[in-house]
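Good morning, and thank you for making time for this item.

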Amino acid sequence: MTENPLPACPECAGAYAYEMGSLLICPECGHEWPPTSAGPGETPEERVIKDAVGNVLADGDTVTVVKGLKVKGSPTGIKAGTKVRNIRLVEGVDGHDIDCRIEGFGQMQLKSSVVRKV
């Protein structure tokens, strides 16, 4: 037996979780999570995402881009002052924690550090 048994999967409560690098993985449902995340009976801590000036963002907010952004495959990019409506906060990669649709560009992810709440 092991000294520290691994916790059950928070998604499916499967008992066969294993460690791979810094994550725990459930072979039954494929869910991956860090070992310190909350279990099924615990409340996960709420993540607070703030914009470039310190305002707290929420799903559905309208934001403005505060500086010009280059976009791969686009000759113009996103200009400062572009208004983005109905944002959605996500667990992003490399700090891209806002999922949105920008008129003329389509779906994309933005960093909260380049937007300001309207």
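Met20 counts as exposed in this predicted model, because its relative accessibility is 52%, and the cut-off for that class is over 50%. The residue is found in strand 1, which spans residues 18-20. Together with Leu6 and Tyr18, Met20 makes a nonpolar surface patch of about 280 Å². For the surface as a whole, the protein exposes about 8400 Å², and carbon and sulfur atoms supply 49% of that area.

Let me now turn to the overall architecture. The protein has 9 strands and 0 helices. Of its 118 residues, 26% count as buried. Among contacts between residues at least 6 apart in sequence, 35% join residues at least 24 apart.

An open sheet of 3 strands has the order 5-4-9, and the pairing is antiparallel. Strand 5 (83-84) and strand 9 (115-117) stand at the edges with a single partner strand each, so one side of each has no neighbour in the sheet. Strand 4, residues 63-65, is joined to strand 9 by 3 bridges, and Thr64 has Arg116 as its bridge partner in strand 9.

Strand 7 pairs with two other strands that I would like to describe. With strand 6 (residues 88-89), strand 7 pairs in the antiparallel sense over 2 bridges. With strand 8 (residues 106-110), the pairing of strand 7 is again antiparallel, over 5 bridges; there, Cys100 has Met108 as its bridge partner in strand 8. The hairpin of strand 7 and strand 8 has 3 residues between the strands, and Gly104 takes a positive phi near 90 degrees in that hairpin.

How much of strand 7 is buried? Of its 5 residues, 98-102, 4 are buried, so the strand is largely enclosed by the rest of the structure.

The largest nonpolar core has 15 residues, of which Val84, Ile98, Cys100, Ile102, Leu110 and Val115 touch the most other members. Strand 4, strand 7 and strand 8 each supply at least two residues of this core, and strand 7 gives the most, with 3 residues. Another core, of 5 residues, lies apart from it; among its members are Cys9, Ala17, Leu24 and Trp33. Leaving aside residues up to four places away in sequence, Leu110 touches Leu69, Gly95, His96, Asp97, Ile98, Cys100, Ile102 and Val115.

Finally, the charged pairs. A search of the whole structure finds 3 salt bridges. In one of them, the side chains of Lys117 and Asp61 meet at 3.5 Å, N to O. Lys117 lies in strand 9 and Asp61 in the loop between strand 3 (32-33) and strand 4, so this pair ties together parts that are 56 residues apart in sequence. Lys117 is partly exposed at 29% relative accessibility, whereas Asp61 is buried, at 15%.

The side chains of Arg88 and Asp99 also meet in a salt bridge, at 2.3 Å, N to O. Arg88 is in strand 6 and Asp99 in strand 7, 11 residues apart. Asp99 is also the bridge partner of Arg88 in the strand pairing. Arg88 is partly exposed, with a relative accessible area of 45%, while Asp99 is buried, at 13%.

Arg101 forms a salt bridge with Glu103, the closest N and O atoms being 3.6 Å apart. Glu103 is exposed, with a relative accessible area of 68%.

How values were computed
Residues numbered from 1 in each chain as written. Predicted model: local features only at pLDDT ≥ 70, side-chain atom pairs only at ≥ 80, totals over all residues. Heavy atoms only, no water. Pairing = 2+ DSSP bridges. Buried < 20%, exposed > 50% of the residue type's maximum accessible area, 1.4 Å probe, protein only. Patch = residues over 30% accessible without salt bridge, like charges linked within 9 Å, V, L, I, M, F, W, Y side chains within 5 Å. Areas by Shrake-Rupley, 256 points an atom, 1.4 Å probe, with all protein chains shown as cover. Salt bridge = Lys/Arg side-chain N within 4 Å of Asp/Glu carboxyl O. Core = buried A, V, L, I, M, F, W, Y, C linked by side-chain atoms within 4.5 Å. Contact = heavy atoms within 4.5 Å.
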